[in-house]
Structures are given as structure tokens and as C-alpha cells.
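Dear colleague,

Please find the structure below, handed over for your reference.

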Amino acid sequence: MAAEGGGKEMNEIKTQFTTREGVYKLLTHSEYSRPNRVPFNSQGSNPVKVSFVNVNDQSGNGDRICFNVGRELYFYIYKGVRKAADLSKPIDKRIYKGTQPTCHDFNPLTATAESVSLLVGFSAGQVQLIDPIKKETSKLFNEERLIDKSRVTCVRWVPGSENLFLVAHSTGNMYLYNVEHTCGTTPPHYQLLKQGENYAVHTCKSKSARNPLLRWTVGEGALNEFAFSPDGKFLACASQDGFLRVFGFDAAELHGTMKSYFGGLLCVCWSPDGRYIVAGGEDDLVTVWSFSDCRVIARGHGHKSWVSVVAFDHCTTSVEDGDPPAEFSGSDEDFHEQTHFGGGRDRANSAHSQLSKRNSTDGRPVSVTYRFGSVGQDTQMCLWDLTEDILFPHLPLSRTRTHTNVMSATSPPATGQITTTTTTTTTAVTTNSNPSGTNGNNSMSNSNTSGNTVSSLPNTLPRSNSLPHSSNPAGGSTPNSHTGSSSSSKGSSIIDSSFIATGVSKFATLSLHDSRKERHEKDHKRNHSMGHISSKSSDKLNQMSLSRTAKPDTVKTLGTTLCPRMEDVPLLEPLVCKKIAHERLTVLIFLEDCLVTACQEGFVCTWARPGKVGLLSSQNNPANSPSGTVV
């Protein structure tokens with residue numbers, strides 16, 4: 001449980017933090033946990049997960065929360081920033097024997113005040129469909145474990161469908177189920193439907209309809225998490241082999257891939273407009289991948305251990321001083337109610353911005369900021385801003401400049417912020433137009449005029465949060481050629497397209513990989529922490545970690561579009577990097593008036609957005625406020 005106060009000691013739990021939009025405050029009375037509020041002994045248990053659903057209750061309090069702690073599953077009315085949590089009255093509580101819940105997901109389409117459909121995955125491989133309002137258990141899938149005997153890592157309703165859901169297992173397989181079908185009494189027989197680079201899709205051979213409809217085999221090792229795009233047409237998969245694979249869901253075709261710097265990928269999420277994907281994992285980094293360009297456009301370093309969850313904040317993502325939000329394809333409605341912040345936008349009228357605007361080939365907005373967050377096993381929460389100088393890199397500022405290495409040979413400071421001393425020599429501004437295939441990662445994000453000398457980075461970077469970086473090799477942004485698509489049935493749909501969603505999916509539960517034993521974590525911190533990577537040893541570390549996967553071809557990915565070198569892409573600094581728990585963090589969900597985190601001790605915490613403290617403001621300790629009022 002979080003302690004009161006916001007002291008300056010490194011090990012002290014923070015109860016508030018400040019961003020450009022104001023102060024976020026922990027609401028201690030809105031904490032959800034087991035009714036006895038006793039910290040859960042988390043050794044060897046599955047990660048605590050949280051799911052939300054709105055049942056459109058007429059009382060205006062329609063939010064419901066589900067979370068698992070150990071072998072227990074709880075279902076409460078979620079009162080958020082409005083009222084204190086009443087843990088004595090769960091709507092439903094279940095205790096399982098012999099297996100533990102690992103993940104869960106509500107179907108928002110069928111949710112009413114009288115009934116909700118909740119899928120629960122388990123450590124022994126089963127998937128249960130329950131209604132915690134009616135307190136019914138309607139169906140159990142893979143009951144005899146004939147389909148897959150391994151742990152369920154992620155379960156999701158197919159967006160826009162009332163009957164279809166997708167389940168991932170630690171074997172690396174995904175299965176598509178229909179709630180109306182049975183699973184049969186014999187192991188399923190499969191027939192190959194489509195095959196590509198490191199993936200295959202099989203259909204179930206059966207005279208009568210049965211589950212699973214499809215089996216996806218993706219990559220090597222566990223499939224730790226998958227996420228549907230906002231329009232429901234694409235599927236992003238984060239695997240233990242370190243690869244992000246993005247598929248067209250209905251045709252089962254590989255759209256693009258990305259490789260982690262080292263180690264497995266544990267989590268993945270989409271931007272609200274579907275343009276960008278963020279993944280995190282065992283390299284302690286968050287990696288931003290462009291869906292249209294199929295390449296890494298930035299990495300973020302702030303965590304000191306594995307990244308458990310990444311999530312976009314759809315409420316803080318903003319478009320400014322440019323074309324209207326309608327320029328964003330896919331989910332324009334996501335941007336209609338966004339708050340726009342204009343602080344620190346002096347670049348909007350600068351020569352650099354004009355160059356960027358003039359050379360933009362697709363008319364995208366000049367000033368756009370995506371906010372996303374991450375939590376990790378280091379008990380820290382980081383917030384990140386992805387700004388236009390990273391998204392729309394403009395012309396190089398100079399013909400000649402010194403080589404800038406983002407990764408300093410020394411370890412980063414203990415605070416998680418990286419400082420790099422850089423000298424830039426500018427002789428002439430290039431005038432040739434920027435071809436669409438040329439990588440634009442030549443922008444010096446902290447220089448405002450072409451003659452500036454960047455001596456050192458300030459502690460806060462209100463405009464960009466990106467460190468200087470060297471120019472990428474020519475042609476570094478060529479779209480990923482590893483499509484892996486089968487030449488046959490290129491455009492065919494593997495399932496009825498009417499089942500595939502076109503609506504905007506909500507950020508529900510986020511799954512991550514099982515925790516390692518303590519000795520493995522110590523080994524990770526000693527050998528694989530970002531603080532120990534220098535520019536000279538990065539190749540060696542990458543090869544050392546990749547050699548464990550026994551795949552000789554993956555060693556060659558470093559320095560390619562699959563996995564650029566550290567100095568070839570911008571390195572983001574976190575806006576906020578705070579220790580907010582005693583145990584590893586396993587949940588980060590952005591809601592309209594708050595954000596929700598959870599740790600492995602079983603405490604689900606609510607953080608009120610600036611100005612959204614509401615009725616609980618009087619219950620908070622006034623000493624928590626740094627200088628009085630919260631804007």
C-alpha cells in the first residue's frame with residue numbers, strides 16, 4: 001500500500017506526480033484489494049490483472065471492475081474518483097482450486113446492468129465464461145485440456161463480435177473460439193490454412209462445428225500478449241522470442257515485424273488512431289513502431305527492469321496547430337473530446353517546423369503529441385510523450401556534424417534520466433527535398449535554430465523528451481520486407497468478415513509474462529540492465545542474449561530495420577518516472593477521469609487526473625499538495 005507523502009528519498013512511494021497538464025493524485029480511499037486489505041504473498045503466483053466494463057447503469061455509476069489475486073477473482077462496482085471503495089460488498093467473489101486465473105476480459109457489446117460476459121483464462125489452460133452479476137458459470141472451454149495444456153497468457157473478445165474470442169497460451173499458440181460451439185471430447189485435428197515466416201494458421205478438421213475454429217502458431221516460445229487494432233482489422237503479437245508481429249486478422253497475413261533489443265517482448269498496445277504500436281519487455285525499453293512504415297521510430301529508456309505493461313492515454317493524446325483531427329484515419333471520434341495543451345510549443349512557428357510542414361507528403365498535422373505510459377517490475381511508472389519531431393522528422397540540419405552516440409559509455413544516473421553531452425557543427429541547411437524513403441531521424445530535437453550548440457540536456461524536456469541522435473544510414477526506413485505472406489489466397493478472408501470489428505476497441509486488461517525466480521531477476525539486473533550497455537558492447541550483449549533462443553538467423557537482426565542500433569533511432573526520456581509500489585507493477589489502464597495501476601501485492605490504485613479529484617478531495621491529506629491548489 002502506498003505511504004502518505006511525497007518525500008525526496010529514492011525508495012519512498014510517491015502519491016502524486018506533476019505533468020504539463022497538472023497534478024495527478026493517488027486516491028487512497030479508492031484503493032481496491034481483497035476485503036481484508038492484507039498484502040498478498042505474491043511469490044510464485046500469476047500477475048494481478050484488472051478489467052473494466054461499463055454496464056450503462058441508469059444511476060450514472062455503471063463502471064464495474066474485475067481483478068484476480070492469487071486464486072481469487074473479485075467483481076466490484078468501481079466508484080473511481082467519486083466515492084470511496086467499499087470492499088465489504090463484492091458483487092461476486094470466486095476462489096479456484098488447483099488452478100489460478102491469469103487474465104480476463106469483458107465483452108462491452110453484451111454488457112447490461114443485469115448481465116455481463118466475462119472470459120477468464122487459467123494457469124492450467126482452461127477458459128471460463130462467467131456472468132458475475134447473475135453469478136452464473138455458463139461454459140468452460142478446453143476443460144479436458146485437449147486443445148492446449150499450457151497457461152493462458154492473454155484472452156480477448158474479438159472486437160465487434162458477441163461470440164468470437166481469441167486465447168493465447170505460453171506454448172506460442174493462439175486459438176479462435178466461438179461461445180456457441182463445444183470443444184469436443186477428442187483432441188482436435190488440424191489442416192494447414194496459411195503459412196508464412198515463423199507463423200502458421202490451421203483450421204480444425206471436423207464434421208460438425210467445434211472449437212477451436214482456428215489455431216495460430218506464432219514465433220518461438222510463449223506468446224505473451226496480443227492486442228487488436230482500434231478498427232479490429234489487425235492483430236499485434238508480442239512473443240518471448242523478442243519479435244513483435246502484426247497480422248491482418250481476417251486474412252491471416254503478416255503485415256510487419258520488429259525485434260526487441262534483446263530478450264522477450266512482454267506487452268504491446270496500439271495508439272488510439274492505429275498509426276503506432278508500443279511494445280515493452282525484457283530489454284527494459286519501450287519501443288515505438290510505425291504501422292505504416294513498418295519500422296522502429298523511437299525507443300524509450302526509463303525503467304530499470306522488465307517492462308510489464310504499456311498503454312496509450314487516449315484522453316491526453318492531442319493534435320495542435322495543424323490540420324483538424326479528421327486527418328487521422330480509423331477512429332476520429334477518439335479525438336473529438338481531447339484536451340489540447342499549448343505549453344512549450346515554440347517550435348510550431350520555427351523554421352524547422354516550416355521545413356517539416358513543407359516537406360510533409362501526406363498533409364499530417366504539424367503538431368501532434370501521443371501520451372503513453374508504462375509500468376515495470378522495477379515498481380516504477382513512466383509517462384512518455386511522443387511528439388511531432390519524432391513522428392514527422394524533417395530535413396537534416398547540417399551537412400557536417402559530429403557523430404552523436406546516444407548511449408553513453410557510463411551507466412545512466414540513478415534517477416533514470418540520461419544526460420549526454422553533444423556538439424553539433426552546422427555549416428549549411430540542405431535544400432534538397434526529402435524523399436519519402438529517406439529516414440528522417442536527423443532532427444536535433446533540442447535545437448531551435450540552425451546555429452545552436454547543444455552543450456548538455458536539461459533535466460526536463462518539455463517539448464520533445466527525445467535525446468539527440470546520429471543520422472540513420474541511407475535507406476534505413478525502407479518498409480520491412482519480412483512480410484511472410486503466402487502467395488496463395490492473398491486477399492481471402494479466413495473467417496467471415498462480418499465477425500471482424502470496425503469499432504474502436506477499449507483498453508482492457510493487459511497481460512504480461514510470468515514472473516521469473518529471484519535469481520533470474522538478479523542475473524537480469526547484472527547482465528541485461530540498460531545501465532550496463534555501452535555503445536561498444538551492445539552488439540556483444542545482443543548476440544549473447546539471442547544465442548539462448550537457438551535461432552542463428554536472429555543474431556543478424558541488430559542494425560537492420562527489424563532492430564536498429566541504439567544510436568540510429570531517437571531515445572525518449574520519460575516525462576514522469578516514479579516509484580509507486582512496493583512490489584512489481586502489473587496493470588496500467590487510462591480512464592477518462594483517472595488512471596489505474598496495480599501491483600503484485602493485490603492493491604489496485606486510482607490516480608485522479610488534474611482537476612478530477614471530486615468528492616474525495618476532502619479525504620486526501622492536504623500535505624500531499626505541493627503548493628496548494630491543483631489546477
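Predicted model: local features only at pLDDT ≥ 70, side-chain atom pairs only at ≥ 80, totals over all residues.

A residue is called buried when its relative accessible area is under 20%.

β23 has a pairing partner in strand β22 (residues 276-281), with which it runs antiparallel over five bridges. Within this pairing, W289 of β23 is the bridge partner of I277. Three residues lie between the strands in the hairpin of β22 and β23, where D284 adopts a positive phi near 70°.

β23 also pairs with strand β24 (residues 295-301), again in the antiparallel sense, over six bridges. Here V288 stands opposite A298 in β24. The hairpin of β23 and β24 has four residues between the strands, and C294 takes a positive phi near 55° in it.

The arginine is R609, located in the segment after β33 (604-608). R609 has a relative accessible area of 6%, and is therefore buried. Its side chain makes a polar contact of 2.8 Å with the side chain of D313. Leaving aside residues up to four places away in sequence, R609 touches V23, Y24, D313, C315, T316, F590, L591, E592, D593 and C594.

With kind regards

Technical notes. Residues numbered from 1 in each chain as written. Heavy atoms only, no water. Pairing = 2+ DSSP bridges. Helix = DSSP H or I, 4+ residues; strand = E, 2+ residues; numbered from the N terminus. Buried < 20%, exposed > 50% of the residue type's maximum accessible area, 1.4 Å probe, protein only. Polar contact = N/O pair within 3.5 Å; in protein donor to acceptor, adjacent residues only side chain to side chain. Contact = heavy atoms within 4.5 Å.
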